[in-house]
Amino acid sequence: TKINLSDNGLSVVGVRSMVPFLQSANNLRELYLDNNNIRSEGFNLLFRALRDSPIGTLSCDRCGIESIEIEDDYFPRHLMHLYLSNNSINTDGCRGIAQLLQGGDATLTYLHLRDNKIGDEGVATLIDALQNNASLRNLDLRKNDGISDQGKKSLLKLVIDISSITATLHSNQTLVFLDVEDMNPD
């Protein structure tokens with residue numbers, strides 16, 4: 001089942017009222033909440049409510065999200081596609097996202113973080129989480145103006161570290177699509 005509640009003026013109060021439904025929605029596969037004002041608090045409530053849900057796609061583009069707090073074991077276990085573009089996600093938000101990317105239980109295959117406030121420190125946090133990640137195939141970081149050329153080089157090194165044969169072998173072989181504008185640092 002797919003539910004699209006985009007452009008409905010939802011706030012934290014609206015998300016809070018949805019929690020009982022979301023916790024018992026055994027056939028919910030896709031949830032679209034784009035262009036609502038759920039903010040960080042609403043997103044965090046939503047994430048905890050979807051813990052045991054079969055949801056595979058969650059889209060919260062343009063929802064006023066800055067930080068993300070992922071508690072151990074309180075995240076959707078089947079989530080594969082997460083869209084968080086056009087928010088204000090910063091380094092703190094990247095720390096929360098990193099928890100989704102770490103460990104053998106990581107399920108995310110597509111992560112869209114386009115047009116946020118991610119800088120080099122956030123990139124370093126994501127890179128650290130992706131070192132041993134075997135699920136993420138697509139990472140969109142376009143329009144994060146805080147990512148410097150050095151941050152872009154670090155991202156390239158994650159997927160193809162040519163400093164040695166061993167480093168090349170230990171590069172992240174799962175991530176096949178990495179998009180950061182002007183990904184041609186000197």
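The protein chain, seen here as a predicted model, is built from 6 helices and 7 strands. Followed along the sequence, these elements come in the order β-α-β-α-β-β-α-β-α-β-α-α-β. Of the 186 residues in the protein chain, 51% are buried. Among contacts with a separation of 6 or more, 79% are accounted for by residues 24 or more positions apart.

Helix H2, which runs over residues 39-49, is mostly covered, with 8 of its 11 residues buried. Those buried residues are Ser40, Gly42, Phe43, Asn44, Leu45, Leu46, Phe47 and Ala49. The elements that cover them include helix H1 (12-24) and helix H3 (91-101), together with strand S2 (30-32), strand S3 (57-59) and strand S4 (81-83).

Helix H3 is also mostly covered, again with 8 of its 11 residues buried. In H3 the buried residues are Thr91, Gly93, Cys94, Gly96, Ile97, Ala98, Leu100 and Leu101. They pack against H2 and S4, and also against strand S5 (110-112) and helix H4 (120-130).

How do residues three or four places apart in an α-helix come to point the same way? An α-helix has 3.6 residues a turn, so residues at that spacing point the same way.

Helix H1, one of the elements covering the buried residues of H2, is also the place of Pro20. Pro20 is exposed, because its relative accessible area is 54% and the exposed class begins over 50%. Pro20 and Ala49 are 29 residues apart along the chain, yet their C-alpha atoms are separated by 7.8 Å. Ala49 is itself one of the buried residues of H2.

Arg39 lies in helix H2 and has a positive phi of about 55° although it is not a glycine. Arg62, found in the loop between S3 and S4, likewise has a positive phi, near 55°, in a residue other than glycine. Arg39 counts as partly exposed because its relative accessibility is 38%, and Arg62 is placed in that class because its relative accessibility is 38%.

Gly56 sits in the loop between H2 and S3. Since its relative accessibility is 16%, Gly56 counts as buried, the limit for that class being under 20%. Leaving aside neighbours within four places in sequence, Gly56 is in contact with Arg29, His78, Leu79, Met80 and His81. Gly56 and Pro76 are 20 residues apart in sequence, and from C-alpha to C-alpha they are 8.3 Å apart in space.

| Residue | Relative accessibility | Class |
|---|---|---|
| Pro20 | 54% | exposed |
| Arg39 | 38% | partly exposed |
| Gly56 | 16% | buried |
| Cys60 | 0% | buried |
| Arg62 | 38% | partly exposed |
| Cys63 | 1% | buried |

How many disulfides does a search of the whole structure find? The search finds 0 disulfides. Cys60 is in no disulfide, and the nearest cysteine sulfur, that of Cys63, is 4.8 Å away.

**The cavity**

The structure holds 1 cavity of 30 Å³ or more, and about 40 Å³ of space lies in the largest cavity. Which residues line the largest cavity? The lining is made by Phe75, Pro76, Leu79, Leu100, Ala106, Thr107 and Leu108. These lining residues divide into 6 nonpolar, 1 polar and no charged.

Leu100 is among the buried residues of H3, and Leu79 is one of the residues in contact with Gly56. Pro76, whose C-alpha is 8.3 Å from that of Gly56, also belongs to the lining of the largest cavity.

Technical notes: Residues numbered from 1 in each chain as written. Predicted model: local features only at pLDDT ≥ 70, side-chain atom pairs only at ≥ 80, totals over all residues. Heavy atoms only, no water. 1 Å grid on protein atoms, 1.4 Å probe; cavity = no way out; pocket = protein on both sides within 12 Å on 5 of 7 lines; lining within 4 Å. Points joined across faces, edges and corners; volume = space filled by probe spheres on them. Nonpolar A, V, L, I, M, F, W, Y, C, P; charged D, E, K, R; others polar. Helix = DSSP H or I, 4+ residues; strand = E, 2+ residues; numbered from the N terminus. Buried < 20%, exposed > 50% of the residue type's maximum accessible area, 1.4 Å probe, protein only. Contact = heavy atoms within 4.5 Å. Disulfide = S-S within 2.5 Å.
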